[in-house]
Amino acid sequence: GARCPPPLSGPAAARGTARAGGSAPPPVPLWAGPGAARGSGAGCSYPQKNAEILSSQYGINLFLAGLLLTFAWAVHAVGISKSHLLSYLITLMLVQLLWMLWYLCRSCTQRRLIRDKDTHAGARWLKCGITLFAVITLILDSFKIGYYVDFSNCLSPTEGIFPVTHAAHTILQVYFLWCHAKDIIQSFKTLERFGVIHSVFTNLLLWTNGVLTESKHQLNEHKERLITLGFGNITIVLDDHAPQCNCTTTTLCSIFSQGIYYLYPFNIEYHILASTMLYVLWKNIGRKVEHHQQYKTPFKFHGITVGMIFGLIVLTSTIAIVVVYLIQIGRSKIKSELALTMFYLHAIFVLVLMCTAGVIALLIYRLDDRSLDNSKNPARKLDAELLVGTAAGSWLLSWGSILAIICAQAHPKYTWYNLPYSILVIIEKYIQNLFIIESIHREQEKVNDDIKTLRIVTVSQGSTLTLTPSYKEIYNGHAAQDAGELPCLFRGSICARERVVSSGDNEGTSQGDGSGIHFASEFSLCSRSSVADNKRRILKNIAAFLFLCNLSLWIPPAFGCRPEYDNGLEEIVFGFEPWIIVVNLAMPFSIFYRMHSAASLFEVNCKT
């Protein structure tokens, strides 16, 4: 390929800059290497492109090694114990801790330097969400420490070191993301790429470990429930990694062992959110930012009362359904069937409401001719990819349930509710993805240029009408006067205009005739504004309603209400082990989809 020309230096560079009428470019630092000058031009960033490829391959291999170690522990491979897996994770966390400390120290020494920021990355509400999950993760770590203390006689020391290291890792990582999630790194780029990608895949491995541990606990409970549903032909073999020794204090051991699994959903969400924020930081390394005005998007409860009320009704009813489901499932065959029927009917009703709301929002967008923002935005691109990618998990489960219902020889009554439920899951996520992706790509509406200033109209007492503007219009540094414009009051959706016409004055009559045109145009402008306000209000209510609905649908699978396990029909058609493998692989993506959709809908509500 073509090589980049060598950069000018010394007097030649100064003469070239003077002829171009610009300022001299900054000198290339010595530590940047010989490729830095060539890499600064368009199409000449070979060293940095190579660094991006190398760091991504490093992260993938790091993840695959940990994934294989996790799988080996899960299937009880010979010579592989939990201590080996925890030692690997501890090492990765310690390396990330060292890198974050180095980055923070370097940032403190260069505090006076002006750094580019990605205003779309690391939103405040996202930081608050990850902080909440991190606090609950610290509680989980304290439970693990207590669990280790009670079973210290028969547990490996790594099981005590791991929660301590993880707690320190969580505290420092949250602080790092609060302070530097928006950074666009322009120095030590090669080293920083490896540090950030190491952090991304460390969090993904911690997420995988949490998912596996929580799934194994759910699987053990599921196997015990199958007999009560009448599926006696399925072999029940518990796969428990509990220590084979007595606890020092029975009461505390029970609290720690049971409480841990109720906290795992928050730990899982924490690590996946942290990995996505760090991935955006990695994509922003060396990025050229286009400096343009950014609009703040604060969240306001005003105008979304209807959506919040319906959403809260769905949320409270879902919590009640989950509580009843967990109490009834596994008690007896009749109670289990009633619990499954109750769950399916409630979920069908909620999904129908969500589909309807999504269709209405898309129809409103079809009636609006606002353009889309196609500028480069790593955070927005990642959001769209995650929505479609993680939705595939629940789509896989839904198609498996549909196929099982079609192919099964016998159908208990409650399984027929699974058919419309599975179809609606596919349709709802399809519609919701369209709504969210279009919403985050739409340009924010700006104030109409025709309405710029507030004018005061004075009416004379004589036969001649005078329209006197009291203030000059200031717009883009130019002053102008226009006596024919009056403001529309957007907040109250009120259009005001007063005009007095003298019948004895021809000039006044002519002005009165002309005022009809102005009045018509202004009335049309205010009508359009009122329609736009109504559309915006409907969209904000839909976004608020879907936000709470996604939180509601996140709760059941996250806390053990999983009809894909308890239904039993799919396990007869596909076989117990194949279907359980499919569920264990797809369910984490389905759970993450709901939380990520809720976060995206919160952003949509702020931008609308």
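Is His84 buried, partly exposed or exposed? With a relative accessibility of 41%, His84 counts as partly exposed, since buried means under 20% relative accessible area, exposed means over 50%, and partly exposed is in between (1.4 Å probe, protein chains only). The model is a predicted one, so local features need pLDDT of at least 70 and side-chain atom pairs count only at pLDDT 80 or more, while totals for chains, interfaces and linings use all residues. Residues are numbered from 1 along each chain as its sequence is written, and side-chain values use heavy atoms, with hydrogens and water left out.

His84 sits in helix α4 (residues 82-109); helices here are DSSP runs (H or I, at least four residues), numbered from the N terminus. Thr158 is 74 residues from His84 along the chain, yet their C-alpha atoms are separated by 8.6 Å. Gln173 tells another story about burial: at 0% relative accessibility, Gln173 counts as buried. Its place is in helix α6. Between Gln173 and Ser199 there are 9.3 Å in space, C-alpha to C-alpha, and the two are 26 residues apart in sequence.

Next come the rings. Rings of Phe, Tyr and Trp (its six-membered ring) pair if their centres lie within 6.5 Å; planes under 30 degrees apart count as stacked, over 60 as edge-to-face and the rest as tilted. By this rule, the count comes to 18 aromatic pairs. One of them is the tilted pair of Phe63 and Phe201, with 5.9 Å centre to centre and 50° between the planes. Because Phe63 lies in helix α3 (residues 46-74) and Phe201 in helix α7 (residues 189-226), this pair ties together parts that are 138 residues apart in sequence. Phe63 and Phe201 are both buried.

Tyr325 and Phe343 make up another tilted pair, at 5.9 Å centre to centre and with 55° between the planes. Tyr325 belongs to helix α9 (residues 305-328) and Phe343 to helix α10 (residues 333-366), 18 residues apart, and the pair links these distant parts of the chain. Tyr325 counts as buried at 0% relative accessibility, and Phe343 is buried too, with a relative accessible area of 8%. Elsewhere, ring pairs join Phe133, Phe266, Trp554 and Phe559 into a cluster.

Then there is the way helices pack. Axes are lines fitted to C-alpha atoms, for helices over the stretch in contact, and angles run from 0 to 180 degrees between N-to-C directions. Angles under 35 degrees count as roughly parallel, over 145 as roughly antiparallel, 65 to 115 as roughly perpendicular and the rest as oblique. Helix α5 (residues 124-150) and helix α6 (residues 158-180) have axes that come within 9 Å and cross at roughly 165°, which means that α5 is roughly antiparallel to α6. This crossing of α5 and α6 is left-handed, a word used if the near helix is turned anticlockwise from the far one by less than a right angle (right-handed if clockwise).

Helix α16 (residues 576-607) packs against helix α12 (residues 418-441) at an angle of about 40°, with their axes 10 Å apart. That makes α12 oblique to α16, and α12 passes α16 in a left-handed crossing. The axes of α11 and α16 come within 7 Å and cross at roughly 140°, so α11 is oblique to α16 as well.

How values were computed:
Helix = DSSP H or I, 4+ residues; strand = E, 2+ residues; numbered from the N terminus.
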